[in-house]
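Please look over the sequence and the model before reading on.

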Amino acid sequence: MLHYLIGPAVGAVIGYITNDIAIRMLFRPHQAKYILGVHVPFTPGIIPKEKARIAGAIGKAVSENLMNREVLENSLLSDDMMSKLSNAIDEFVATQSKNEETIEEFARHYLTEDDIASMRTNVTDGVVKMITGKLQDSQLGESIARMATQHVMEKTRKSIAGKFGADMLLQPIAQLVEGILAKHINEILHNNSQQMVEGLVHDESEQLLSMTMRDLMTGHDDQVAQIKGGILNAYRVIITEHLPRILQDIDISGIIENRINEMEMAEAEAIILDVMKKELRAIVWLGALLGSIMGTITSII
């Protein structure tokens, strides 16, 4: 009986120890060893020895199979992802619908005072420039003069003087006045439009920034829905049109390869063991099982 027990027991111990040593030799030693100037075989371990090649292979595999355009687009534009993004927007709107902070106070959570001031200045200047340009380049003076003279002529036509044909007598004068009035209005707009617009835009921007987030969100369902649709469409455009360009500019394979090569072998070993600890331990015990089976067969033979 002892003869039949010793064989499996010895086989199990040998299988366990050899597999455990083999796994350790994957990582250790981290550096090549020398005795009297002679290189010790199997040093460094297999992974440290082939670290550069493994890093390159992992980087290539990730960039070609895990981080390529098709995989990322399928993941980032999946129904589940779009649903999550839509729900996140809805949750944000619902939360801000109860927020009593002003828009400026809310912005301070994400921007510095300098950023807010710069944004206010840039937006105000941009709007002022756009509106001023439109006013100066438009035929607003002619439109205002035409409406003014038409209003006067209509009043004259309905008055007692109109019954005696006064409006017909005033028609040539009205045309002359309309041209002079249009010219003066255009000059006023050209010389003073920026100042007028600046005051209006500044007042409106201050009122907007002092509005609470609740007031901004409440009662503007159509606008909020349009903004939400715009965000979702912008997200799709970024993924479909700009993602390929981003992937071309980013050397994912090189980044991964460099990161692995920069890692200390002890760090890499700890990461691998942390991920595969259970599987590697199973290999060790499998060695013990196989050794026990081989020992049993040897004892029987």
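Which residues of the largest nonpolar core touch the most other members? In this predicted model, they are Val93, Met213, Met217, Leu243 and Leu247, out of 16 residues in that core. Two or more residues each come from helix 5 (79-96), helix 6 (103-107), helix 11 (213-217) and helix 12. The greatest contribution is that of helix 12, which gives six residues.

**Nonpolar cores**
- Leu247 is in contact with Met67, Asn68, Arg69, Leu72 and Ile252, when neighbours within four places in sequence are left aside.
- In soluble globular proteins, nonpolar side chains tend to be buried together.

**Helix 13**
- Helix 13 spans residues 252-262, and its residues Ile252, Ser253 and Gly254 are buried.
- The packing partners of the buried residues in helix 13 are helix 3 (51-66) and helix 12 (221-249).
- Ile252, one of the buried residues of helix 13, is also among the contacts of Leu247.

**Chain as a whole**
- The chain has 14 helices and two strands.
- Of its 301 residues, 26% are buried.
- Taking contacts between residues at least 6 apart in sequence, 74% join residues at least 24 apart.

Note on methods. Residues numbered from 1 in each chain as written. Predicted model: local features only at pLDDT ≥ 70, side-chain atom pairs only at ≥ 80, totals over all residues. Heavy atoms only, no water. Helix = DSSP H or I, 4+ residues; strand = E, 2+ residues; numbered from the N terminus. Buried < 20%, exposed > 50% of the residue type's maximum accessible area, 1.4 Å probe, protein only. Contact = heavy atoms within 4.5 Å. Core = buried A, V, L, I, M, F, W, Y, C linked by side-chain atoms within 4.5 Å.
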